[in-house]
Amino acid sequence: MSNQESQESCLFCNIIAGNIPSSKVYEDDLVYAFNDIHPQAKVHVLIVPKVHVANVVQLAEHDASLLAHIVHVANQIAQDAYHGQFRLVFNTGEDAGQTVFHAHAHVLTGEVLDE
């Protein structure tokens with residue numbers, strides 16, 4: 001896990017804490033989900049674990065059941081937004097397009113998506 005200093009400056013930690021406004025879609029004790037401010041599909045929701053870990057690999061090592069919970073929440077969001085079909089993306093590392101180094105899943109749905 002990352003240190004306390006990175007948690008304090010982390011964009012997603014600040015969104016979860018309510019210090020930065022967001023358009024909440026879902027929240028429970030483990031995750032916070034909100035609409036992406038630069039959507040790549042009609043529905044583009046980010047699911048962020050409330051525990052601060054840098055990427056999906058660290059999340060899986062820290063708590064595999066939390067990763068499974070994120071998949072479950074993604075399915076719920078897709079069921080509500082678009083008959084259950086969705087794309088789930090985790091960018092891991094700068095070269096893969098990760099810009100916020102707090103693990104998060106992108107749920108994309110609401111239309112037929114290009115391959």
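Modeller: Before we start, the ring rule: rings of Phe, Tyr and Trp (its six-membered ring) pair if their centres lie within 6.5 Å, and planes under 30 degrees apart count as stacked, over 60 as edge-to-face and the rest as tilted. This is a predicted model, where local features need pLDDT of at least 70, side-chain atom pairs count only at pLDDT 80 or more, and totals for chains, interfaces and linings use all residues. Residues are numbered from 1 along each chain as its sequence is written, and side-chain values use heavy atoms, with hydrogens and water left out.

Biologist: Which residues form the aromatic cluster?

Modeller: F12, Y32 and F34 form one cluster.

Biologist: How many aromatic pairs is that by the rule?

Modeller: The count is two aromatic pairs. F12 and F34 are edge-to-face, 5.7 Å centre to centre with 70° between the planes. That pair links distant parts of the chain, with F12 in helix α2 (residues 11-16) and F34 in strand β2 (residues 31-35), 22 residues apart. Helices (H or I, at least four residues) and strands (E, at least two) are DSSP runs, numbered from the N terminus.

Biologist: And why is the pair of Y32 and F34 called tilted?

Modeller: The planes of Y32 and F34 are at 35°, so the pair is tilted; the ring centres are 5.8 Å apart.

Biologist: Is Y32 buried or exposed?

Modeller: Y32 is buried, at 7% relative accessible area. Buried means under 20%, exposed over 50%, and partly exposed in between, with a 1.4 Å probe and protein chains only. F34 is buried as well, at 5%.

Biologist: Switching to cysteines. How many disulfides are there?

Modeller: The count is zero, where a disulfide is a pair of cysteine sulfur atoms within 2.5 Å.

Biologist: What is the confidence like, as mean pLDDT?

Modeller: The mean pLDDT of the protein chain is 93, and 95% of its residues reach 70 or more. pLDDT is the predictor's confidence in each residue, from 0 to 100. Over residues 1-5 it is below 50. Where pLDDT is low, the predicted coordinates should not be read in detail.

Key: Contact means heavy atoms within 4.5 Å.
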